[in-house]
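Look over the sequence and the model, then read on.

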Amino acid sequence: MTERQPLPGKDASLWLDTTDRTDFPAMDGDRHVDTAVVGGGIAGVTAALHAAEAGQSVVLLERDRIVEGVTGKTTAKVTAQHGLIYDDLVDKHGRDAARQYARANAAAVEEIAERVERHDIDCGFERLPAYTYAADEDQRAAVGREATVAEGLDLPAEFVTDPPFPADTPGAVKFADQAQFHPRKYLLELADEISGDEAHVFEQTKVTDVDDGGRDDPCRVKTENGTVTAESVLLTTHFPIEDPAFYFARQYPKRSYVLAVELAEEPPEGMFYRDQSPYFSARPVPNADGPTMLVGGQNHKTGQGGSTADRYRKLEAQARDHFDVESVEYRWSTQDYVSVDKIPFVGELGPTTHDVYVATGFGGWGMTNGTATGKMLAEYARGKSPQWSDAFDPERIDPEAGGKEFLKENLDVGKEFTRDWAKAPFRGEDPNVAPGEGEVIRRGGKQYAVARDDDGEIHVTSAVCTHMDCIVHWNDAERSWDCPCHGSRFSIDGEVLDGPAVEDLPKRGE
Ligand SMILES: Cc1cc2nc3c(=O)[nH]c(=O)nc-3n(C[C@H](O)[C@H](O)[C@H](O)COP(=O)(O)OP(=O)(O)OC[C@H]3O[C@@H](n4cnc5c(N)ncnc54)[C@H](O)[C@@H]3O)c2cc1C
Ligand code: FES
């Protein structure tokens, strides 16, 4: 057995570690509201607040605690600069759609700024320029083109040859007047505003089924604690928990890594991004004990690409290449979905559903996309056609023609297989797996996910993803089972951590 080298920094998100846990009550019994919002990340909290501000009765239903999902683990740059995106958007979607995307995201920066000011929210909100810099001479032309295209879309863009970081870049596209903040301090204040007789946040209330009720009846949202009937449902669960329109095939999961590092020097002024695969991102953290920078990157498709622990080590090496690092304070990791054509999906959930609206596929830029789409969803819930809806319409990409039956068959086969697996005993000796490690082991024609925790205890589940039958891979940094097909993640005991899967991996003996 090889011994695991400890990873640098505390295994926690800076945002979660510097705020108290919320304790909104769980829902108790049935209710009727105008709008039910499912999922309490930035999209859900923003949508619920917009609905409440418009005078609707609203419930926000969160399976765990709000703002602890991807939003609790972001790097929290608040900017309409999303790497080198606008040149590509104009190319793929045309100038009108690219302009709608730009306007939606620029308006989101201003909405956040306006709310911070109006409610006097102490969330470290500060204006900074954002830079996407060229990695080398080869990327200089692309960066220059991005500056020209973005400026043509009325964004505050210019090409600069002397950004404050890094010293050796041939140039960068700069967006003036962007921002950064502490996402939990901002969103927990917003969540407190969703209160009163007609507006409630419920935590520890997992939604298990959403039925649209057809054209005439209200929607029914089933939870473990009762049923909500609602005129509209807004699905903001990151990956939608109902997938009648094959979102799993229209977006892919991008997992990436963040370190908070203390520096021996003052950080450069600005937020920085290198648009390559893997990307590299850096932003300062105000009000930390010493000069602190968040660095991020080392992205890969979830469940693919080898040791995740090595990603942290590579990221630390990159941070040390760029900065005079005194210590690594925190490390964390999370994933976002990227739509295949780079614009999120916001609108009616499926071609045959009624009054159920979704927002997903923020592409690693959900602070602004999530804010913009929160507003759009709340407008859909009031029967309006929101600004920018054409560009974000989920129906702009047809689900694979003729693929439905094939996919359904696959799903059925997968379910049969896992049901069958659950009855199969795990025979023979426990395998030779080191603490903190996991392996997929084949025995008697079945595939088992076998991991050993730090106390030496073995955990065994099915290795067959409950979404569509792929075999999960061990994630040695987060100690989870990750699916390489569409990004579902499961705990060491098989509980769903991230969709599209909604069913746990069956455990040995179940
Ligand atoms: C490493 C990294 C860095 C990033 N940095 C930035 C950045 O600097 N700027 C930026 O703009 N974006 C950034 N992003 C992207 C951004 O963080 C995300 O797009 C955004 O947080 C997603 O928000 P969300 O509301 O969709 O999802 P989440 O925050 O995950 O919220 C979804 C919620 O739904 C709940 N839920 C799920 N299932 C159920 C159910 N059945 N019933 C009830 N509730 C349920 C979950 O518990 C969760 O709380 C980054 C992403 C990553 C991966
Ligand atoms: S996430 Fe689709 S098969 Fe696992």
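Where is the place of serine 462? Serine 462 sits in strand S21. This is a predicted model.

**Overall build**

- The protein chain holds 11 helices and 25 strands.
- A compact globule of 510 residues would have a radius of gyration near 24 Å. The protein chain has 23 Å, which agrees.
- The C-alpha trace spans about 65 × 60 × 45 Å along its principal axes.
- Of the 510 residues in the protein chain, 57% are buried.

**Ligand 1 and its surroundings**

- Ligand 1 is surrounded by 34 residues. The closest are Glu62, Thr71, Thr75, Asp336 and Met367.
- Four elements each supply at least two residues of the shell: helix H2 (42-53), strand S12 (251-263), strand S16 (325-339) and helix H9 (366-381).
- The shell residues divide into 12 nonpolar, 17 polar and five charged.
- Isoleucine 42 places a backbone N or O atom 3.2 Å from an oxygen atom of ligand 1.
- Alanine 43 likewise has a backbone N or O atom 3.2 Å from an oxygen atom of ligand 1.
- Threonine 74 takes part through its side chain, where an N or O atom is 3.1 Å from a nitrogen atom of ligand 1.
- How much of ligand 1 does the protein bury? Taken alone, ligand 1 exposes 1000 Å², and the protein buries 96% of that.

**The disulfide and other cysteines**

- How many disulfides does the count come to? The count comes to one disulfide.
- A disulfide is a covalent bond between the sulfur atoms of two cysteines.
- Here the bond joins cysteine 470 to cysteine 485, with an S to S distance of 1.9 Å.
- The two partners lie 15 residues apart, and the pair links distant parts of the chain. Cysteine 470 is in the loop between strand S21 (458-462) and strand S22 (473-475). Cysteine 485 is in the loop between strand S23 (480-482) and strand S24 (489-490).
- Is the disulfide of cysteine 470 and cysteine 485 left-handed or right-handed? The torsion about its S-S bond is about -90°, so the disulfide is left-handed.
- Cysteine 470 has 18% relative accessibility, so this residue counts as buried, the cut-off being under 20%.
- Cysteine 485 has a relative accessible area of 33%, so this residue is partly exposed.
- Cysteine 465 is buried, at 2% relative accessibility. Cysteine 483 is buried too, at 2% relative accessibility.

**Serine 462**

- Is serine 462 buried or exposed? Serine 462 has a relative accessible area of 0%, so this residue is buried.
- The side chain of serine 462 reaches the backbone nitrogen of valine 464 at 2.9 Å.
- Serine 462 and tyrosine 448 are 14 residues apart along the chain, yet their C-alpha atoms are separated by 4.8 Å.

**Glutamine 56**

- Glutamine 56 lies in the loop between H2 and strand S3 (58-61). Helix H2 is also one of the elements that supply residues to the shell around ligand 1.
- At 11% relative accessibility, glutamine 56 counts as buried.
- Which residue does the side chain of glutamine 56 join in a polar contact? The partner is the side chain of threonine 35, at 2.7 Å.

Conventions
Residues are numbered from 1 along each chain as its sequence is written. Chains are lettered from A and ligands numbered from 1 in the order in which they are written. This is a predicted model: local features need pLDDT of at least 70, side-chain atom pairs count only at pLDDT 80 or more; totals for chains, interfaces and linings use all residues. Side-chain values use heavy atoms; hydrogens and water are left out. A disulfide is a pair of cysteine sulfur atoms within 2.5 Å. Buried means under 20% relative accessible area, exposed over 50%, partly exposed in between (1.4 Å probe, protein chains only). A polar contact is a pair of N or O atoms within 3.5 Å; within protein, one must be able to donate a hydrogen and the other to accept it, and residues adjacent in sequence count only if both atoms are side-chain atoms. A residue is near a molecule or strand if one of its heavy atoms lies within 4 Å of it. Accessible areas come from the Shrake-Rupley method with a 1.4 Å probe; for residues, only the protein chains shown count as cover. Ala, Val, Leu, Ile, Met, Phe, Trp, Tyr, Cys and Pro count as nonpolar, Asp, Glu, Lys and Arg as charged, and the others, Gly among them, as polar. The radius of gyration is taken over C-alpha atoms; the globule rule is 2.2 Å times the number of residues to the power 0.38.
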